[in-house]
Each structure stands twice: as C-alpha cells, then as structure tokens.
Amino acid sequence: MSLPDPVAEGVASGWRVLDGAAQTQDLHLTCDVLIIGTGAGGGMTAEVLASAGLDVLMVEEGALRTSRDFRLLEAKAYPELYQESASRKTADKAINILQGRTVGGSTTVNWTSAFRTPADTLNWWGERYGLHGLNPQAMAPWFDMAEARLGIDDWLADPNPNNSVLERGCQALGLKHGRIRRNVRGCWNLGYCGMGCATNAKQSMLVTTIPAALQHKAGLLSRARVERLLLAADGKSVQGAQGSLLRADDHSSSGYQFHLKARHVVLAAGAIGTPAILLRSGLGGAQLGKRTFLHPVSICGAVMSQRIEAYNGAPQTVYSDHFMHTQPLDGPLGYKLEVPPVHPLLVGVTLSGFGQHSAQLMQQLPQLHVMLALLRDGFHPDSQGGQVRLRSDGTPELDYPLTDVLWDGVRRSWLTMAEVQFAAGARQVQVIHEQAPLLNSWREAKEMIGQLPLKPLLARLVSAHVMGGAAMSSQPDQGVVDEYGRHWSLRNLSVIDGSVFPTSIGANPQLSVYAFALRAAHQLREALKA
Amino acid sequence: MLTRRQLIKTGMAGSVVLLAAGWLATPQPDALVPGQAMQLEFLRPSDVQIIRSIAPVMLGIAGLPLDAVVQGVDRAITKLLPAVQQELRQLFDLLANRWGRRWLAGVVSPWATASSSELAAFLRRWQNSPLLLLRSGYQALHALINAAWFGNPASWGGLGYQQPQQVMGLLL
Ligand SMILES: Cc1cc2nc3c(=O)[nH]c(=O)nc-3n(C[C@H](O)[C@H](O)[C@H](O)COP(=O)(O)OP(=O)(O)OC[C@H]3O[C@@H](n4cnc5c(N)ncnc54)[C@H](O)[C@@H]3O)c2cc1C
C-alpha cells in the first residue's frame, strides 16, 4: 500500500500545468488574471476567480512538489521547499527567516496553527490607519469562510509532550493559555508539517484551492521566477509580467524567458517577494518595502527529565497570550508563547554554542523542550520593522534593524520562558544566546539572563511570519494599496498576500492572509465580471 | 546597548579589516593534504581541509565521517543564492590564506595540523567577536557544519531520533 497523491492524479488527468524546467523555448501566454505566487494569498485568489469562470494563470518560482515528494527529510525539504534553503536572513544576518518556495508557498510547509486576526489589531488599523471597514464584525464572515474552506477547527487530540510542557508551566504560574485550532482533515499527528504533509491532511493551498482552481481550468506555471511587471505605455496600468524559467535544480535560470499578458495582475509573492517585484519594476513609491514585520522570535531550550520527543505529534497545539493581550498595544513589545517542532537539522543549526556543550545537548534530543516567544512588532513607535531592498543582482534583502525596544522584549521573553520551563519541571534551561550556559534553577536563570549582552548574532532570533512591505492604507500617500489590495496608482494591479498588513498581526498570520485574500478576491471578481 | 549606528560602524570596521587582510596577503594557500577524490561543486581542496579540521571541534564529536560532512556542506552551499555563495567564497578564501588564518582567525598552525584547542579558541574568538563580520563568519561555519551532519541520517542514532515508523513504509 502507498499513500494517495490527489495532486499527482490531477496532473495526470490533464490539468493545465507547465513546468518551467521542461520548456525548450521562451513562453508567451495570455490570460484574464495573472496571479504571481501560489501561497496563502495566491491560492485563495485563484480559486475564487477561476470558479467564477475567469481565465486564471498562476505563476510560481518554486517547483510543483506533491505528497509523494515529501519524505520527512529535512535535508531534502529545506532546499526543495523553502526560500534560500531555509537560510534566508536579514541584512545583518541577525534573524533567520523561513518562507516557503514551492507550489502552495509557505502553506505547504507551515505548522497549521490557525488564529483569527486579534480584535485589538483590527481596531488599531481602524484608529491609526483609517481602515475602519476592517473591524472584527466586518471581518467575521471572511474568517468563517476561510475556516470552513480549510477545515480549521478545534484540535481534539491531546497536545504532544512538547506542547504539554507549555501548558503545565502556564498552569503552575497562573498564566492565561489556550489550545490552538488547526487547518487539517484526517491528520495523522506525525509532526512533520514543516517538511510538507506526506498524508495530505494539512489543508494547505497545495491540496485545496490550487487543485480547485486547476479543476476550473486555471493554468499553473511553476519553476518560473517573475522579474518584473510590464507597464503599459500610459504608465497607469500593467500589461503582465516577465521573468526567467528555472532549471530542474529549482535555482538557476534555464536561459529561457516567459512573457505573460493579462487584463489584471495579482501580486501574491509574499512579503519580501511582492515588494521585490515592484522594486525591480521601478515602481517605488515612498512606502514600498518599508514597515516589513517579522514577529521576531526568541528561543529558550530546556532539558526535561522525561522524554518529550518534540519531533513527534502535531507541532503547535498550545499557546499563551498572557503577555500579548494584557498590556497596551504600543507599549513594551508583547509576545505570544508557543513551541516549535524539534528536528535534528533545524535544532543543530539553531542551538547556540559549539563543541562538547552542544554535543551533550544534542544527545539529549528526545528530552529537549523548546519554547518560542513571538514578539509583536509594528505598534510601538520605535518598532518600525524592516525595509525590503534589492541587491545588485536584483535579489531581495530585508534590512531589519534591531532596536532597543525589541531587545527589551527579547530579554523579558527569555525570562518568561525560563520561568515557565522551570515551573513545568525542567532540569536545566538555556536561552538561545551564544554566551548563555545551561542554568539549573529559575533563580540562577533570572540573574544570568539579566546580564546577557544583547547584540545581533549573539542572541539567535528567527521568524516564519513575514508581513507588510506593501501596506493597505486609507490614503494613497500612506500606503501601497487600498483595503481591497488595489494598487493606488496602477488600476489593474492588486496585492493579495501577507505584504498588505500595516503592522504585524500579533498572531500566526495564515488565517489573516486567507481572510483578507477572500475579501479582496471577491471584490475583484465582481469588478472583473462587471 | 548597541545602536544602529554603532552596528553599521562595527560592520564597516569588519569589512576594512577583511579588505586589508586580502590586500596584505599573498594569495598562498596552505599546503594541501593529498587524497580525497570527491565530486564537489563549490568547495575547493583548501576549503575541504578547513571543514575537515573544524567540524569535529564544532560538533564536539570524534570519529565523524568527515567525507560525508564535507559532501553535505558542499550540497548545502550549492542551494544558496549566488550572492551568499560569493560571501562564503570570500570567507573560505580568507581562512585558506596563510595571513588570514594567522591574523584574523588566530590559528598559527596550518589547518591540517592545528590542535583542537587552537581550533576551539578560534571558534570562540569569532563567536564572541566585537566585529559583526567575524561573528557572522562563525555563524556561517556553524550552520553549514551542523546542517551537513544533522541532516544526515547517520547522525540520528547518536541522538535517539527516529522517523515515525507507522508512515515510513507507506512512502514510495
Ligand atoms: C515553516 C513555517 C511555519 C509556519 N507556521 C505557521 C503556522 O503554524 N500558522 C500560521 O498562521 N502561519 C504559519 N506560517 C506563516 C504562513 O504560512 C504565512 O504567513 C503565509 O503563508 C503567507 O502567505 P503569503 O501569500 O503572503 O506568502 P507565501 O505563502 O509565502 O507565498 C508566496 C509565494 O510566492 C512565490 N514567489 C515569491 N517570489 C516570486 C517570484 N518572483 N516569482 C514567482 N513566484 C514568487 C513563493 O515561492 C511562494 O510560493 C509559517 C511559515 C513557515 C515558513
């Protein structure tokens, strides 16, 4: 017996899919709507428009990889499914950024945690950015629709031991905490979501909206990197996009080009990808690329006395917002507590220290507990996020300066995480900082963490949540697009992905991207049919 | 706390040091140990020697299958952006260079004969360097070597890590 692969079956049944690497000449295609990027935003948009009878073409830089390619192997998954082999970094290299780069985008590799955009975030956008139409009541139907489409529901199985540690620690300290909803159907509880779902349980774009769009005669061109948009002579609209086809190695250009013409173009290449395409097209604008947010994540490891096997079981099922929604939004940075899945390659790369010290920690992998704090950036006046810019070869880079207000949040979050881990019975705790030793008690931790120097590349920070860079605004000069993702100056261009958010979300962002994408896509569908 | 301005300054100071090192140096690599015939795309023989010397110290593991680690590092680098590969080229060239090794890494003996304590001292110095650039050099070596080893199933036994049996047999 082997596992079914509905996407491979669909392709065999004659879906309109083109592999850039298989082309032996330049490609010229025409469609009604061109969607650039097939992640959370692109996938949702494709289904809405294709099912309305529009001729949709999706173009994706990554390859079409399906469940039969997902082998639960980090060394295979990262180069094949992630931007820059999962080693994309901010300009000073202080924050490691995870983003997907395959059909389905980050949704193909994400960890399935599903939160609605917090009400305080939506209200803030109304108050500060004049985006009053995006209040919690107005957004509720779109969240409902996204949840129904993607099977987002309570996860009824017990948390794995890694998540249970967080729950126990919160209980012991009286911190508010809760269970996480997930976008899965018939989940096997394996714990390998980050390497692509081998059983097709995860309701990513790869197995939901993209197959639906293809079923409605949409086309998909993979291994095709969009370089720039083609502007019309009047400079007020776009004609389509052009770029390079990639080889079977997924990375180098094959030498062939593609030219795609469309009535309407949707940019859905993700925060970093979308601003980069606009920058390469010479479509600057004062706000473009600015205010790109990451939910910078600080990390704390603990050695428990019992087996945790944090590589097994649904990766994220417990969270705590105790330090997120209990204090002013624009005060010292709030943070959300979660745990990550723990697999050898990612842990090996992420743990601080070297030699004997890390060897001993790695040997205790089954007892290792890891906790994350996601810092809510973009609300405090000194938290302006980063800026996407282009390297001389045209590839994007995010310059994200680490400010004092962020470091303050990092230190407070380390203290919290160490305290929670000790409260849950940790034997030893180590914050992920090059100069942090293994600590034996909460008292020792408190003392030590207070003294750690806060410098880039001493503290290890990561992010899997890139947001902003082509923000929505109520006034043309204050953002890049309006609340439906319509570009302020190019009339047939929309941005529908995580780059439209004016601040970070303050919760894992996939469901926010889905809901805003549905809202924008329905508006676009009406406009295009009219 | 480090401000943005200081950060840029240390970064620049770092580049100046590197430039100076590159300029002073006669591009003379250490003598090479003959041997390994591997198919490598990115790594040159001098880089291979550096990785073979550093990996056991970085990982704290004796008796590593060094050829496999080197292969893993090479494979990982070929999947990185050209801009990043270029930076790694500079890093390896610098370390392979006698002057670079002596004055920037502080390793007196050639890589092939440097003692573990000398290598550990080098790693510690770069890990905690006031220069962002040297810290990032350390981090690059750390990431590549750890990815190469822990991405290799040969390392899993020592960690007690196993893929879930209930599904492995069903994967084609
Ligand atoms: C490892 C990981 C775990 C995560 N876990 C969670 C989680 O548990 N819960 C949650 O809510 N969120 C999670 N996220 C984040 C979430 O998946 C993203 O926020 C969301 O998918 C972003 O949607 P998007 O449409 O903006 O971009 P993406 O989904 O990243 O899609 C962008 C797509 O555009 C393509 N692209 C980029 N540039 C070009 C170009 N020039 N030409 C053609 N194509 C291009 C990319 O290859 C990519 O496929 C996780 C992310 C990662 C990486």
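Reader: Let's start with A:Trp125: leaving aside neighbours within four places in sequence, which residues is A:Trp125 in contact with?

Author: This is a predicted model, so keep that in mind. A:Trp125 is in contact with A:Thr117, A:Gly130, A:Leu131, A:Leu134, A:Met472, A:Phe501, A:Pro502, A:Thr503, A:Ser504, A:Ile505 and A:Phe516.

Reader: How do I read the helix around that residue?

Author: An α-helix has 3.6 residues a turn, so residues three or four places apart point the same way. Now the case here: in helix α4 (residues 119-129) of chain A, the buried residues are A:Thr121, A:Leu122, A:Trp124, A:Trp125 and A:Gly126. They pack against α5 (136-149) and α13 (510-529) of chain A. Just after α4(A), A:Gly130 takes a positive phi of about 70°.

Reader: And what about the largest nonpolar core: how many residues does it have?

Author: In soluble globular proteins, nonpolar side chains tend to be buried together. Here the largest nonpolar core has 222 residues, and A:Trp125 and B:Phe122 are among those with the most contacts inside it. Its largest share, eleven residues, comes from α13(A). Domain 1 and domain 2 of chain A both give residues to this core, so the core lies between them.

Definitions and conventions:
Residues numbered from 1 in each chain as written. Chains lettered and ligands numbered in written order. Predicted model: local features only at pLDDT ≥ 70, side-chain atom pairs only at ≥ 80, totals over all residues. Heavy atoms only, no water. Buried < 20%, exposed > 50% of the residue type's maximum accessible area, 1.4 Å probe, protein only. Helix = DSSP H or I, 4+ residues; strand = E, 2+ residues; numbered from the N terminus. Contact = heavy atoms within 4.5 Å. Core = buried A, V, L, I, M, F, W, Y, C linked by side-chain atoms within 4.5 Å. Domains from an automatic or database assignment.
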